[in-house]
Amino acid sequence: MTGLSVWKSVAAMVAVGVVVAVHDGGAVANADAGAGTRPLGCVPAMSTLQAIPPSPGLFLPLASIRGVAEFDDLPAAPAGVSFPPNVELRDGTQGFNSFAEVVLRDGSLYTRPRGSEGTWRKVPTPGCLDGQVAAVSVDGNMLVAADHNGWIYSMDNLLSGPMLWNWTFSYGGPIWLWPGEQVPGTGDGPVASSRWAIGHRMSKSFEDAKGYNHPTQAGLVELVALSQDGSRITYQDPWLPADLSYEIGGPLGGRFVSESVSGSVTFVMNRYGDMFTRKYDLDMAGSNHIPGRYTWQDQGPLPSAPDQLTERFNPAYAAISLPAEDWQPQPKIPGEITSRISIHVTGDAAENRELRVEGTQGGRTGYWHKDLRGPAWEFTADDQPLTGSPVQNPTSDMSARTLVDPTGITFRGGLPGGWTLRFDDFDWAQTKHPATLTSPTGRDYPVQLYTTDGLRLLPRAAGLDDNPRELEGALDVREANPADDPELAGFVNAQLSGRPVYEVTVQATRSQLAVAALATTLTRD
């Protein structure tokens, strides 16, 4: 089936109301399913994000009609409902952007202008969803609510006045038209609000792993969620297939166990207060060639482009360097903390983010905070009750205390000329894969395979199975210093066209790793 046929077929399913969602590769809902097996019926299928071409987020936010005065038209919260004096953390119970703040109470959403300390008022919500919200996440121009069955509902234009706020249950490819997705892991249990978050990147620029700055115009939405054991991080983009097949490879080779996650820049923490952050999404990872031009090669002193279109088509300007930026460890917090973590926007660049963690200092409650790239944490007291779970927070790095076992997957195979290549503990979701290249004389060389997941139109199962997962990438032998080793230099010249960083396409299954550019297929031991 051609790509165009795929898009037409899925769009046709949407048009006739066939509701299908994919969870771990299988269908979990259909048009005749009972309550809880599909999104709530009163929520619209179309929103402003979908209706404005050519890309959701490109021209948003829309200008408010009457600005903050529109909040006064909303019904006031019922008497007796308690609210925080300030909203300073983004989690599953509350959130904020530069325009509005939102709080979840008893299944309903309430709002007021950011920083106003004004009257809390009801968020306009479809009737069947009001009172049924189990968790909420806010970032940029979007609010996402999950019901008790894990179905997600998006409300857009949150940077505009309430008159322009509108809802949809649609989420997933093609182009935000798939009829419904669930937060991972919630089909059979309660929604865990600390284990998923929405991110809506609306930055004007970002810096890649090698320091080149790149202009951006369109917004990018992703929902990040932790697996049950906290070692895997899935992301669901409203333009990607409605499945759980895309992952952000976790810290420490995917073995780090996270207890909490926050979106925008991905922010995770384990049970001992060890924290990592990573700037990673579909565009930064090298997966989206429509707006992005990427390279695995060193670029030298090329300038940054003045706009995204120029960068895409003019090689006189720097492309986005790959592999994407790795996880960055954050310094330990010098005090008591809870599992409640948060990250929010402070400026126009993707790097303009502030980290916040609920905690105490000197007997007062509040939150610890620092700039994403800042060296040290500071504390702000707000004297509000702590709501997160207490976290052990020794001053030493305890990351290794909670590591899951390595994958145990070894791929090995021969290359032309008598060379062999071996991967130990291969994890497809990681960006970097250490490997051993062995020469015909028996000498071992440490090398790296970089990979990134490509765009797909059709849903697929999570992880590796018998259906080949196609990855783009490059084999990097520079760590072994080929310039100083004639044998390795001969391999580079003969098999890598003289390039120590050599672009490859990889097809991975549970039993094989096919590297097309090297004319080899590695098999699993």
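Let's start with an open sheet: 4 strands in the order β3-β4-β5-β6, with antiparallel pairing. Its edge strands are β3 (94-96) and β6, each pairing on one side only. Strands here are DSSP E runs of at least two residues, helices are H or I runs of at least four, and both are numbered from the N terminus. Two strands pair if DSSP finds at least two bridges between them.

A word on the source. This is a predicted model, where local features need pLDDT of at least 70, side-chain atom pairs count only at pLDDT 80 or more, and totals for chains, interfaces and linings use all residues. Residues are numbered from 1 along each chain as its sequence is written, and side-chain values use heavy atoms, with hydrogens and water left out.

β3 pairs with β4 (residues 100-105) in the antiparallel sense, over 3 bridges. Look at F96: its bridge partner in β4 is E101.

Next, the barrel. Here 8 strands close up in the order β27-β28-β29-β30-β31-β32-β33-β34, again with antiparallel pairing. On average, neighbouring strands of this sheet are turned by 30° against each other, direction ignored. Axes are lines fitted to C-alpha atoms, for helices over the stretch in contact, and angles run from 0 to 180 degrees between N-to-C directions. Helix α5 (residues 486-495) packs on the sheet. It touches β27 (411-415), β28 (419-423), β29 (432-438), β30 and β32 (501-508). Contact means heavy atoms within 4.5 Å. The direction of α5 makes about 90° with that of β28.

T452 has E472 in β31 as its bridge partner.

Now the cysteines. How many disulfides does a search of the whole structure find? The search gives 1, where a disulfide is a pair of cysteine sulfur atoms within 2.5 Å. The pair is C42 and C128, with sulfur atoms 1.9 Å apart. C42 lies in the loop between β2 (26-27) and α2 (48-51), and C128 in the loop between β6 (121-122) and β7 (133-139), so the bond ties together parts that are 86 residues apart in sequence. Why is this disulfide left-handed? Because the torsion about the S-S bond of C42 and C128 is about -95°.

Some backbone points. G173 and P174 are joined by a cis peptide bond, omega about 5°. P174 is in the loop between β10 (166-168) and β11 (196-201). L322 and P323 also have a cis peptide bond, with omega about 5°. P323 sits in the loop between β20 (320-321) and β21 (328-330). N157 is not a glycine, yet has a positive phi of about 70°. Find N157 in the loop between β9 (152-156) and β10.

Last, cavities. On a 1 Å grid over the protein atoms alone, a cavity is a set of points where a 1.4 Å probe fits but cannot get out; lining residues have an atom within 4 Å of a point. Points join across faces, edges and corners, and the volume is the space filled by probe spheres set on them. The count is 7 cavities of 30 Å³ or more.

Definitions and conventions. On a 1 Å grid over the protein atoms alone, a cavity is a set of points where a 1.4 Å probe fits but cannot get out, and a pocket is an open set with protein on both sides within 12 Å along at least five of seven lines; lining residues have an atom within 4 Å of a point.
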